[in-house]
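Visitor: I have a structure here that I have never looked at before. Can you walk me through it?

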Amino acid sequence: LALLVLPLGSYRAVLEARLPGDAAGSWRLLATRGITVTDGLPPELELIDPIADRAVRPPVVVRARVTDRHSSVDHAEVQVDGGAWQALAGDLDGRMARTLGALAEGQHALRVRAIDRFGNEAISAPRAFIVDATAPSITIAGITDGDLRNVPVVPTVAFADADLDPLRTTLMLDGVAFVSGTPVVSEGAHVLLAGASDRAGN
């Protein structure tokens, strides 16, 4: 007997035999049986976005890649916070995506599942993420806009955000990096510039 690797589909197996004394080319039919080759393995699922435990600025876009080695993917869906499953839209390369509706700021979790045309299901582990729609706050003290002083001033600047991005936080005086609380003693007009962003992009 030889091992056959058959594509998915329906087949009929025929068992025949030729006994001693049978004419050349003559075979005796012993049995026939219908065989269906099916896909018993789930699709391969990779959840790409949102990144686990990362703050995200709305609208939140879910991205996944879904492939199936043996058959084809029938559909893929996302579930947010245990709610209803929502369909993902995809292309022929298995890239799936959906822009989620409005979500409250704070912690959320989602799962993605994919089902192939044979009903095999793959489901991701829960993915936690944080919705952050609030920009950092900047508080400037010690000076006011258009201030005119005849004594040195000491500007202080405070940035506040739970997920402040230090690489995108700027504090400059007259185009040069400035440290909050440093006295400004030189005469003339000065411009203080402060800017901040959090890791969600606000």
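What follows is a short chat about the strands, cores and contacts of this model.

Visitor: What kind of model is it, and how are residues numbered?
Guide: It is a predicted model, where local features need pLDDT of at least 70, side-chain atom pairs count only at pLDDT 80 or more, and totals for chains, interfaces and linings use all residues. Residues are numbered from 1 along each chain as its sequence is written, and side-chain values use heavy atoms, with hydrogens and water left out.

Visitor: How many helices and strands?
Guide: Zero helices and 17 strands. Both are DSSP runs numbered from the N terminus: helices are H or I with at least four residues, strands are E with at least two.

Visitor: Compact or spread out?
Guide: The protein is more spread out than a compact globule, because its radius of gyration is 33 Å, well over the 17 Å that the globule rule gives for 202 residues. That radius is taken over C-alpha atoms, and the rule is 2.2 Å times the number of residues to the power 0.38. Along the principal axes, the C-alpha atoms fill a box of roughly 125 × 35 × 20 Å.

Visitor: How much of the protein is buried?
Guide: Buried residues make up 25% of the 202 residues. Buried means under 20% relative accessible area, exposed means over 50%, and partly exposed is in between, with a 1.4 Å probe and protein chains only.

Visitor: Let's go to the sheets. What is the order of the four-strand one?
Guide: The order is β3-β5-β9-β8, in an open sheet with antiparallel pairing. Two strands pair if DSSP finds at least two bridges between them. The edge strands are β3 (44-49) and β8 (89-90), each pairing on one side only.

Visitor: How many bridges between β3 and β5?
Guide: Five, in the antiparallel sense. In one of these strands, β3, sits Glu44, whose bridge partner in β5 is Thr67.

Visitor: And the sheet of three strands, what is its order?
Guide: That open sheet runs β16-β15-β17, again with antiparallel pairing. Its edge strands are β16 (176-177) and β17 (192-195). Two bridges join β15 (residues 170-173) to β16, and Leu173 stands opposite Val176 in β16.

Visitor: What does β6 pair with?
Guide: Seven bridges join β6 to β10, running antiparallel. Here His75 stands opposite Ile115 in β10. Three bridges join β6 to β7 (residues 85-87), also antiparallel. There Gln79 stands opposite Trp85.

Visitor: What about the hairpin of β6 and β7?
Guide: The hairpin has four residues between the strands, and Asp81 takes a positive phi near 55 degrees.

Visitor: Which residues have the most contacts inside the largest nonpolar core?
Guide: Val62, Val78, Leu88, Leu100, Leu110 and Val112, in a core of 17 residues. A nonpolar core is a set of buried Ala, Val, Leu, Ile, Met, Phe, Trp, Tyr and Cys residues joined through side-chain atoms within 4.5 Å. The elements giving two or more residues to this core are β5 (61-67), β6 (73-80), β10 (106-116) and β12 (127-131). Apart from this core lies another, of six residues, among them Val153, Val157, Leu171 and Leu173.

Visitor: What does Leu88 touch?
Guide: Beyond neighbours within four places in sequence, its contacts include Val62, Val78, Met96 and Val112.

Visitor: New topic. Which charges sit over rings?
Guide: The charged end of Arg18 sits over the ring of Trp27, 5.4 Å from its centre. Arg113 lies over the face of Trp85, at 4.2 Å from the ring centre. The rule wants NZ of Lys or CZ of Arg within 6 Å of the ring centre and within 35 degrees of the ring normal.

Visitor: Last one: Arg33. Where is it, and buried or exposed?
Guide: Arg33 is found in strand β2 (residues 28-37), and is exposed, with a relative accessible area of 63%. Not counting residues up to four places away in sequence, Arg33 touches Tyr11, Arg12 and Ala13. The C-alpha atoms of Arg33 and Gly146 are separated by 93 Å.

Methods: Contact means heavy atoms within 4.5 Å.
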